[in-house]
Amino acid sequence: MIKVTKFGGSSLANAEQFKKVADIILADESRRYVVPSAPGKRFAEDVKVTDMLYACYKAAISGQEFEKKFDEIKERYNGIIRELGLDLSLDKEYDAIEAGFKGRAGRDYAASRGEFLNGIILAKYIGYEFVDAAEVVFFNEDGSFNAAMTNQAVRDRLENIERAVIPGFYGSTPNDTIKTFSRGGSDITGSIVAAAVKADLYENWTDVSGFLVADPRIIKNPAVINTITYKELRELSYMGATVLHEDAIFPVRKEGIPINIKNTNAPEDPGTMIVESTSKKPEHIITGIAGKKGFSAVNIEKDMMNSEIGFGRKVLEQFEKNGLSFEHMPSGIDTMTVIVQQSEFESKEQEVLAGIHRNTSPDSIEIEAGLALIAVVGRAMKSAKGTAFRIFEALAKSDVNVKMIDQGSSELNIIIGVHEEEFEKALQAIYSAFVK
């Protein structure tokens with residue numbers, strides 16, 4: 001059996017956390033390949049090493065004194081090395097990084113050094129071989145990820161390496177320039193490695209005991225989801241649930257590899273299993289609830305709209321011309337609503353409205369801002385009668401005004417639009433209706 005294990009920044013924030021991680025890895029010989037993040041916050045007011053590196057590099061390329069900032073970064077790592085009692089010096093790596101900063105090696109290069117240095121320390125501490133991600137994770141010249149080349153390189157490199165540490169978050173382009181994934185990209189690296197070695201399980205270790213039914217900042221002590229499908233996770237991640245980077249799903253999904261979200265600080269907890277499909281009956285009719293604020297609704301009205309061929313295309317064409325994507329598009333016989341990100345739409349709203357008027361001659365167009373979208377997701381919703389009734393009954397009892405409803409034919413989720421000021425109240429009402 002082969003397990004690929006990824007550990008987040010909170011799991012590797014200091015020497016004490018390193019010891020927990022080592023105990024977890026060495027307790028199971030099937031945990032052969034490890035993907036670490038850069039050190040995260042040690043306490044609430046602390047700064048993540050990645051952010052320290054960004055600030056240090058900014059100072060360096062601005063011609064400011066950056067040595068003091070860099071010394072603070074070095075001390076974060078040297079402190080971990082001392083407390084772990086390792087016979088290890090990173091002076092050579094520090095010199096190379098400092099030279100890279102002075103030579104304007106790039107913001108991605110700067111950020112990637114957090115994982116790079118952490119990987120070296122972890123490999124030394126647990127006795128695994130260190131494999132630089134820049135040598136096996138590849139991006140094209142345009143910055144897009146080269147999946148085929150990476151998959152082959154990782155497979156070839158690890159074929160004869162029994163146990164290895166591969167830093168997360170970064171890779172390289174054809175000219176050897178360091179390129180990173182978006183923030184949280186170590187999740188993606190772990191998924192890539194798992195797919196390449198055809199792992200039996202991809203473990204993603206963080207500081208929570210699995211994926212939660214709802215945001216703990218809004219719902220006190222929400223229940224943990226025992227099992228969730230890739231499709232359900234995608235829906236929840238898109239709407240703001242952030243335990244796992246949403247792009248980390250694709251490599252393992254293609255290979256049918258399950259993901260186990262685990263807690264480094266409570267390794268005995270079963271966590272959440274993320275799978276392609278399952279016969280397990282979910283504990284609740286809904287799997288999870290997630291949502292985001294900051295949307296606008298563009299409401300278009302025109303008599304006999306439904307009989308006008310190409311009307312929808314002509315409307316959406318104006319959003320496309322202005323570089324805007326839409327989130328949802330509920331419609332009626334004489335009405336059509338386009339939901340967009342408010343922050344992206346505001347600066348281009350008049351151009352879009354003028355274009356819609358020119359193309360479609362609507363009776364009226366109204367914009368409503370300050371909306372929040374809530375996704376209620378669950379594979380059991382399809383076969384459960386009265387789910388929508390329970391949702392809207394709960395909202396009505398909490399005096400929440402529903403502005404929009406959208407449900408796809410898959411019946412996997414129901415999207416609800418509410419005023420931003422009623423967002424938290426709506427989430428609490430829905431959670432209480434389904435999770436006792």
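Which residues of β9 point one way, and which the other way? I259, I261 and N263 go one way while N260 and K262 go the other, and all are buried (under 20% relative accessible area, with exposed over 50% and partly exposed in between, using a 1.4 Å probe and protein chains only). Keep in mind that this is a predicted model, where local features need pLDDT of at least 70, side-chain atom pairs count only at pLDDT 80 or more, and totals for chains, interfaces and linings use all residues. Residues are numbered from 1 along each chain as its sequence is written, and side-chain values use heavy atoms, with hydrogens and water left out.

- (Strands are DSSP runs of E, at least two residues; helices are runs of H or I, at least four; both are numbered from the N terminus.)
- β7 (residues 201–206) runs parallel to β9, joined by 5 bridges; strands pair if DSSP finds at least two bridges between them.
- Along that pairing, I261 in β9 has N204 opposite.
- β10 (residues 272–275) runs antiparallel to β9, with 3 bridges, and here I261 stands opposite T272.

**The annotated site**

- UniProt, in an unreviewed entry, puts a "binding site" feature at T50 and E115. UniProt positions follow the numbering used here, feature names are shortened, and annotations may be inferred rather than shown by experiment.
- The two are spread over 66 residues of sequence, yet they cluster in space, with a largest C-alpha distance of 8.5 Å.
- T50 sits in helix α2 (residues 49–61) and is buried at 7% relative accessible area.
- Leaving out residues up to four places away in sequence, T50 touches A38, A111, E115 and R183 (contact means heavy atoms within 4.5 Å).
- E115 belongs to helix α5 (residues 107–126) and is buried too, at 4% relative accessibility.
- Beyond its neighbours within four places in sequence, E115 has contacts including P36, S37, A38, T50 and S186.
- The E115 side chain also reaches the backbone nitrogen of A38 at 3.1 Å.

**Helix α7**

- All the way along α7 (residues 186–196) the story is burial: 11 of the 11 residues are buried, so the helix is largely enclosed by the rest of the structure.
- Among the buried residues are S186, D187 and I188.
- Just after α7, K198 takes a positive phi of about 55°.

**The five-stranded sheet**

- An open sheet of 5 strands runs β12-β11-β13-β15-β14, with antiparallel pairing.
- β12 (335–341) and β14 (402–407) are the edge strands; each has a single partner, so one side of each lacks a neighbour in the sheet.
- From one strand to the next, the twist averages 35°. (Axes are lines fitted to C-alpha atoms, for helices over the stretch in contact, and angles run from 0 to 180 degrees between N-to-C directions.)
- β11 (residues 288–301) and β12 pair over 7 antiparallel bridges, and E301 has T335 of β12 as its bridge partner.
- Helix α13 (residues 387–397) packs on the sheet, touching β13 (364–377), β14 and β15 (413–419), and its direction makes about 15° with that of β15.
- Q341 is in β12 and counts as buried at 18% relative accessibility.
- Not counting residues up to four places away in sequence, Q341 touches K292, G294, F295 and E327.

How values were computed: A polar contact is a pair of N or O atoms within 3.5 Å; within protein, one must be able to donate a hydrogen and the other to accept it, and residues adjacent in sequence count only if both atoms are side-chain atoms.
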